[in-house]
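Try each one yourself before you read the solution.

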Amino acid sequence: MSAQLRSAAAVVGLSIQEGIRRRVFLAVLLLTAGFLALFGLGSHFAFRDVEGFAAGEPAILDAHAFTGAVIFGLAMFATLFLGAVLAVFLTLGVVRGDAESGLLQPIVVRPIGRTTMLVARFAGAALLSASYVLIVYFAACAITEATGDWSPDHLLSPALGLALAVAIIAALSLLASTLLSVTAQGIVVFMVFGAGLTAGLLAQIGQAINSDSLHTIGRVATWALPFEGLYTASLHALISGTSGLTGVVLQLGPFGASEAAGPGLIAWAFAYLLGVVGLAAFAFSRRDL
Amino acid sequence: MAEPVLAVRDLHKRYGSQEALGGVDLEVGAGQLVGLLGPNGAGKSTLTKIACGLVRPSGGAVEVLGKPAGSPQARAALGYLAELFRFPGWCTAEELLRFHQRLAGSAGGGVERRELLELVGLGEAADKRIEAMSKGMQQRLGVAQALVGSPRLLLLDEPTSALDPVGRRIVRELLEELRRRGGAVLLNSHLLSEVELVCDHVAIIAGGRLVKAGTPEGLAGPAAVEVETESGVRTFEGATREDAPRIVADLVAAGESVYRVEVRHSSLEDVYLDAVGGETG
């Protein structure tokens with residue numbers, strides 16, 4: 001193993017060790033278990049009640065598919081939100097915060113160097129957040145399958161879309177940590193996250209009411225903040241095989257979408273991710289500590 | 001002449017319109033312990049940070065073993081303890097040193113960790129969490145951390161500021177041991193007596209400029225020989241220890257009775273105050 005890789009592994013290992021020792025992972029595990037239990041309960045009652053509600057009526061809307069998609073779309077939103085929280089907290093104060101407290105200096109004077117240290121912290125945060133998102137996603141999937149015998153039209157692509165989205169949020173948070181204090185970093189990243197989701201909703205409304213302006217806002221937001229585009233595309237992939245009125249209604253949102261992820265968006269998301277991490281590394285390399 | 005371990009040449013640093021360093025030259029050779037003195041804000045910490053690559057210079061050059069400061073080769077050759085530092089509180093002393101061994105590429109393993117902890121008087125605290133340690137213990141652990149991987153150059157910024165007299169003595173003995181082993185040390189300190197005791201070279205910085213440099217003995221040169229006779233106390237300004245027998249012989253030959261002879265030195269404190277002009281940060 002090269003010296004740089006060994007050092008990077010040491011930095012990631014220390015972060016994981018801290019997460020275990022400070023019981024961060026235990027708290028996340030317990031709260032996630034709580035969320036999944038509540039989701040399971042909600043899913044069970046939603047499927048049970050909608051079957052009774054729709055019984056005997058002419059089938060204009062596939063109530064079962066509608067319920068499954070809406071309830072799972074809600075789980076998707078919660079998964080993205082929880083993954084974003086994890087990504088932000090795992091990268092909180094990585095540069096400026098740790099430099100101000102004196103934690104960073106003893107590490108970066110070692111041969112590891114700034115860029116490797118930063119990339120290691122990003123890789124650790126992105127891997128943990130993405131793994132977390134994948135686990136919660138598949139757990140929610142198993143719950144809707146068990147409680148309502150419903151599963152998404154595409155299983156893997158939405159999961160990967162969400163994982164890439166939280167990796168992008170981790171990268172944005174990392175960049176913010178090179179420029180801002182801890183509090184400002186947290187506030188700014190969550191505001192950007194909220195702005196992205198709001199722009200996505202505006203685009204959906206624009207689609208529904210046939211407003212080109214609103215739709216354009218959504219498209220621009222998708223490219224400016226590709227985590228939103230990936231999330232929207234993941235929602236679309238859940239229901240892309242659902243046809244008829246059910247499919248149309250679901251695509252109106254809020255937990256469905258009409259925009260699929262093309263190869264352009266995926267390529268852009270990866271380029272964006274590399275660009276943001278590169279920018280963070282550049283800003284860090286210029287910073288006096 | 002052997003290549004200096006640390007070479008600082010015409011070093012400049014500006015923070016916006018403020019000049020922190022205005023052309024400093026300094027060298028630290030192998031086996032040399034150099035004390036860097038100066039008031040708060042004089043530029044001592046800035047110089048140290050530039051030497052270990054934490055701060056970029058605005059002009060001039062700093063080299064560690066001939067490699068530019070901040071380069072991987074230069075960083076691999078040094079150990080550093082910042083004036084204001086913090087280690088992860090949840091870590092034990094042993095875990096922190098193991099982490100730094102991995103970063104420094106040290107193959108010392110458990111033997112090195114135990115030796116370093118013993119060296120700074122923390123042999124019994126290897127499994128103690130850092131957050132449960134006193135400030136003094138953390139500072140000694142910081143010194144041990146800086147020594148991981150047996151660096152050729154040690155940069156210590158106020159390493160004894162939070163230590164009690166026993167802790168200071170431990171660090172002082174440690175520095176002397178390092179010098180015996182041929183290590184080079186740059187020590188920033190406000191404690192003049194400490195610098196006078198351990199350093200073989202002193203550099204005084206004020207307002208970002210080197211205002212005085214030399215050995216502690218050379219700087220704190222003899223000031224006078226004071227002789228008490230029956231007619232009172234007489235002071236021979238500028239006289240040295242070597243002049244004392246002649247002065248006494250002359251006085252006795254002149255029929256005076258000598259009761260006491262004292263060679264007076266100007267202290268490092270006098271030299272420092274004279275050099276910085278009473279400046280304080």
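**Exercise 1.** For contacts in chain B with a separation of 6 or more, work out what percentage comes from residues 24 or more positions apart.

*Solution.* Keep in mind that this is a predicted model. Start by calling two residues a contact if their C-beta atoms lie within 7 Å. Next, keep the chain B pairs with a separation of 6 or more; residues 24 or more positions apart account for 67% of them.

**Exercise 2.** Describe the build of chain B: what are its helix and strand counts, its span and its buried percentage?

*Solution.* Go through the secondary structure and you get 10 helices and 13 strands. Finally, take a residue as buried if 20 or more other C-beta atoms lie within 10 Å of its own. Of the 281 residues in chain B, 42% pass that test.

**Exercise 3.** Find the domains of chain B and say how many Å separate their centres.

*Solution.* The domain assignment puts domain 1 at 6-217 and domain 2 at 222-265. Taking the centres over C-alpha atoms, domain 1 and domain 2 of chain B sit 43 Å apart.

**Exercise 4.** Which parts of chain B touch chain A, and what kinds of residue are they?

*Solution.* Count both sides: 21 residues from chain B meet 22 residues from chain A. On the chain B side, helix 2 (72-76) and helix 3 (93-104) each supply at least two residues. Helix 3 of chain B gives the largest share, four residues. Sort that side by type and you have 14 nonpolar, three polar and four charged residues.

Definitions and conventions:
Residues numbered from 1 in each chain as written. Chains lettered and ligands numbered in written order. Predicted model: local features only at pLDDT ≥ 70, side-chain atom pairs only at ≥ 80, totals over all residues. Nonpolar A, V, L, I, M, F, W, Y, C, P; charged D, E, K, R; others polar. Domains from an automatic or database assignment. Buried ≥ 20, exposed ≤ 12 C-beta atoms within 10 Å, placed from the backbone.
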